[in-house]
Structure formats: structure tokens, C-alpha cells
Amino acid sequence: PSRRNPSFETWAHFPAARDRLFALLRRRRPRGLALVSGDVHHAEIIGSSLETCGGFLEVTTSGMTHTLATSRLTRLLFPPLLRFFSSHRPHPAHFATDLNFARFSFDWDASPPVLSISI
């Protein structure tokens, strides 16, 4: 069961929308799907074990100008909250609160093409 983080928007706050998206993915079964989101003032990479749609990768990135670590107060408060509300991440510490951006690299010569993501 997913715990709802009261400080950030998460899928746990929108279960009906999440269910609709996952139903669409189960019907269409896209291969190599990567979802990109932002504006949460931290970064994280989330993998889905949704086996019926082949799984997918979700990348959240934001914070080229400001992050949760911008002020002393948020630097103290939010990393522990992100570790506590971590059921959607493969590992509780798979997040970054410093200034960050995501880099997407495509190897179009590979068969099938390969996407590499780094934060």
C-alpha cells in the first residue's frame, strides 16, 4: 500500500487517474515507455513493476534554479519526508534534492534504440 505524502503531489493523491493510465497501458502494451514529469523541486527515478503492461520508467526532474535544498528549513525537513514516503521508489534513497536536470541520450543505431537517462 502506498502512503500519501502530504507535502507533494503523488499518484497516491490521484488513484482514479492512475488507474485510468494503467488501464490504457495494459490495453496498448507500449514497449520501452518512459514518463517524464517535473515541478516537484526534487528528482527521482521510479520503476513500475506493472507486469501486465511491460513495466515502465518514470523520471521526475526539476530544480535547475531552485530545489527543496534551497533554504535551510526545507533542506532539513524534506529529505526525511522523501525517505519516509518512498513506497513508489525501488529504494527509499533514490532521490536528489540538489540543483539538478535530467539528461536523455538516445542511441538510434542500436536495435532496438536505447534510451539512457541520468540526473
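**Exercise 1. Contacts and overall layout**

What share of the contacts in the protein with a separation of 6 or more comes from residues 24 or more positions apart?

*Solution.* Start with the term: a contact means heavy atoms within 4.5 Å. Residues 24 or more positions apart account for 52% of the contacts with a separation of 6 or more. Before going on, note that this is a predicted model, where local features need pLDDT of at least 70 and side-chain atom pairs count only at pLDDT 80 or more, while totals for chains, interfaces and linings use all residues. Residues are numbered from 1 along each chain as its sequence is written, and side-chain values use heavy atoms, with hydrogens and water left out.

Next, list the elements. Helices (H or I, at least four residues) and strands (E, at least two) are DSSP runs, numbered from the N terminus. The protein has 2 helices and 6 strands, in the order α-β-β-β-α-β-β-β from the N terminus on.

**Exercise 2. The β5–β6 pair**

Describe how β5 and β6 are arranged.

*Solution.* Two strands pair if DSSP finds at least two bridges between them. Strand β5 (residues 103-107) pairs with β6 in the antiparallel sense, over 5 bridges. The two strands form a hairpin, with 6 residues between them. Within this pair, Phe104 stands opposite Ile117 of β6.

**Exercise 3. The second largest pocket**

Work out what lines the second largest pocket.

*Solution.* First, the term: on a 1 Å grid over the protein atoms alone, a pocket is an open set of points where a 1.4 Å probe fits, with protein on both sides within 12 Å along at least five of seven lines, and lining residues have an atom within 4 Å of a point. The volume is about 240 Å³. Among the lining residues are Arg31, Leu57, Phe106 and Ile117. Strand β6 (residues 114-118) gives the largest share of the lining, 3 residues. By class, the lining has 9 nonpolar, 1 polar and 1 charged residues, with Gly counted as polar and Arg as charged.

**Exercise 4. Thr61**

Is Thr61 buried or exposed?

*Solution.* Locate Thr61 in the loop between β3 (57-60) and α2 (72-84). Buried means under 20% relative accessible area and exposed over 50% (1.4 Å probe, protein chains only). Thr61 is buried because its relative accessible area is 16%. Now look at its surroundings: beyond its neighbours within four places in sequence, Thr61 is in contact with residues including Ser37, Asp39, His42 and Phe101. Asp39 lies 22 residues from Thr61 in sequence, and their C-alpha atoms are 7.3 Å apart.

Methods
Grid points are joined across faces, edges and corners, and a volume is the space filled by probe spheres set on the points.
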